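Grab a pencil and have the viewer open.

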Amino acid sequence: MEEKREVAVDVIKKIQQVMISLESRRIQLFLIFSFSCAIGWSQQTNTSYTKKVLETSEIDLLFSYYSQDGQNAAVTGGEGTEELTDATSTIVLRMPMNENDILTVDVGLSAYTSASSSNVNPLDGSNINATPFDASSGESRKDLLAYINPSYQHSSEDRNDIWSANAYFSAEYDYFSIGFGGSYTKLFNEKNTELTLGANVFLDKWNAIYPIELRSGFFDDRVSGTGTYNPIFTAFEKENRNSYAASLSFSQILSKKLQGALFLDLVSQNGLLSTPFQRVYFGDINDFFIDDFQLADNVEQLPNSRLKVPFGGRLNFYATDFLILRSYYRFYWDDWGINSHTASIETPLKISDKFTLYPTYRYYTQSAADYFYPKEEALSTFEFYTSDYDLSKYDAHQYGFGIQYKDIFTGTKILSFGLKTIDLRFSQYDRSDGLNASIITLGTTFIGN
């Protein structure tokens with residue numbers, strides 16, 4: 001799952017991975033707090049002129065459409081359709097509160113339809129024959145994810161120190177997340193060197209949804225197989241998931257044409273790290289079916305803690321006024337047994353004062369988690385197991401192309417805002433296990449007068 005989210009998040013976004021009920025009272029309190037801070041900081045500034053960090057309000061309007069397909073759905077034990085479509089709309093508003101402070105509010109809504117998740121209950125639709133390779137037509141095939149992410153940034157008058165604080169709220173049918181964090185950035189060496197420390201906490205809560213055949217009271221006289229269907233399933237006692245992340249980044253202007261950066265993250269997770277509706281089939285237990293749909297032996301069982309350590313760097317080379325080379329590399333390790341490498345390159349080509357082209361390429365490879373087993377290769381005596389191919393060994397290639405239009409004079413107006421940029425990008429993602437995906441994004445930026 002992490003890799004699928006990373007594809008979307010890289011373009012948007014971790015995404016990978018948006019807004020029904022968002023605890024409006026907490027959001028109001030956060031905005032009131034931010035406003036109070038703005039007043040306090042503004043009163044401390046002197047009367048001499050200071051150039052604003054952000055001269056005028058800006059609005060980003062973003063839209064993306066994501067589509068994927070494959071034949072290794074974790075919902076149906078590693079075999080079955082992975083067809084999914086997702087449409088996401090995002091609005092980002094940045095407002096200068098005074099010369100030194102910026103309030104940003106990021107709001108998004110994501111609506112998806114998933115053939116895979118529809119088979120959490122393959123019997124709730126009008127399908128004549130239940131099968132893992134077709135979507136159920138029931139309500140479980142779709143969901144809505146909503147989020148709001150306000151943040152506040154304060155810069156010192158000499159612009160060498162930057163503090164920021166942020167909050168995060170998201171909700172969907174079976175998952176709720178609240179987060180908060182902050183960062184500190186120090187610029188020195190005449191702003192040629194930058195060091196940033198950051199930390200974030202996410203406190204998540206599942207509303208666990210299990211496969212239909214594992215729910216209390218399930219009965220269907222169409223069940224076929226040798227013996228009596230008696231899965232070893234037990235519902236999870238706790239449904240919380242907490243994540244704690246610390247980050248360190250260092251960037252340096254190496255020459256007039258060369259800039260580099262290094263980064264390190266530490267992420268610790270604990271709680272319910274298994275996905276409650278992802279089936280597992282054992283090799284030492286008889287198979288049972290309804291039509292062509294195999295009933296679960298259990299849901300995936302994963303450790304209740306995980307440590308992730310990604311680190312890497314970026315190197316940007318300004319070859320000419322018309323060509324920039326942007327390279328990226330990341331190594332990832334976790335204590336579930338996954339090691340991965342990510343490498344990408346982007347080469348912006350400025351073809352005029354207003355138009356820039358963005359060809360991109362990204363390569364990813366990872367080892368399998370210690371607990372990954374293809375369908376019916378795990379045994380019922382194992383402590384941990386999953387058939388989620390996001391935790392398997394695979395390679396992936398992503399090819400992309402984009403075009404940006406920039407109007408430096410913001411001649412096009414909508415109300416009191418002028419159009420600054422339009423970005424249109426497309427990416428194709430191909431994985432060695434057969435998962436294929438594509439995403440198209442459209443982004444616009446408007447600035448106030």
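Contact here means heavy atoms within 4.5 Å. Before you start, note that this is a predicted model: local features need pLDDT of at least 70, side-chain atom pairs count only at pLDDT 80 or more, and totals for chains, interfaces and linings use all residues. Residues are numbered from 1 along each chain as its sequence is written, and side-chain values use heavy atoms, with hydrogens and water left out.

**Exercise 1. Work out the surroundings of Ser 177.**

Step 1: find the element. Ser 177 sits in strand β6, residues 175-188; strands (E, at least two residues) and helices (H or I, at least four) are DSSP runs, numbered from the N terminus.

Step 2: check the burial. Buried means under 20% relative accessible area, exposed over 50%, and partly exposed in between (1.4 Å probe, protein chains only). Ser 177 has 6%, so it counts as buried.

Step 3: list the neighbours. Leaving out residues up to four places away in sequence, Ser 177 touches Tyr 168, Phe 169, Ser 170, Phe 202, Leu 203 and Asp 204.

Step 4: look for a polar contact, that is, a pair of N or O atoms within 3.5 Å; within protein, one must be able to donate a hydrogen and the other to accept it, and residues adjacent in sequence count only if both atoms are side-chain atoms. The side chains of Ser 177 and Asp 204 make one at 2.5 Å.

**Exercise 2. Trace the salt bridges and say what they link.**

Step 1: apply the rule. A salt bridge is a side-chain nitrogen of Lys or Arg within 4 Å of a carboxyl oxygen of Asp or Glu. That gives 14 of them.

Step 2: start with Arg 94 and Asp 60, whose side chains meet at 2.8 Å, N to O. Arg 94 is in strand β2 (residues 84-96) and Asp 60 in strand β1, 34 residues apart. Arg 94 is buried at 19%, and Asp 60 is buried at 13%.

Step 3: move to Lys 205 and Glu 239, with their closest N and O atoms 3.3 Å apart. Lys 205 belongs to strand β7 (residues 193-206) and Glu 239 to the loop between β8 and β9 (240-253), so this pair ties together parts 34 residues apart in sequence. Lys 205 is partly exposed, at 39%.

Step 4: Arg 431 is in strand β22 and Asp 390 in the loop between β19 (355-366) and β20 (394-406), so parts 41 residues apart in sequence are tied together. Both residues are buried.

Step 5: look for shared partners. Salt bridges join Glu 58, Asp 60, Arg 94 and Lys 420 into one network.

**Exercise 3. Give the strand order of the open sheet of 3 strands.**

Step 1: recall the background. Strands of a sheet pair through backbone hydrogen bonds, either parallel or antiparallel. Two strands pair if DSSP finds at least two bridges between them.

Step 2: read the order. It runs β8-β12-β13, with antiparallel pairing.

Step 3: spot the edges. β8 (224-225) and β13 (293-294) each pair on one side only.

Step 4: check one pairing. β8 and β12 (residues 288-290) pair over 2 bridges, and Ser 224 has Phe 289 as its bridge partner in β12.
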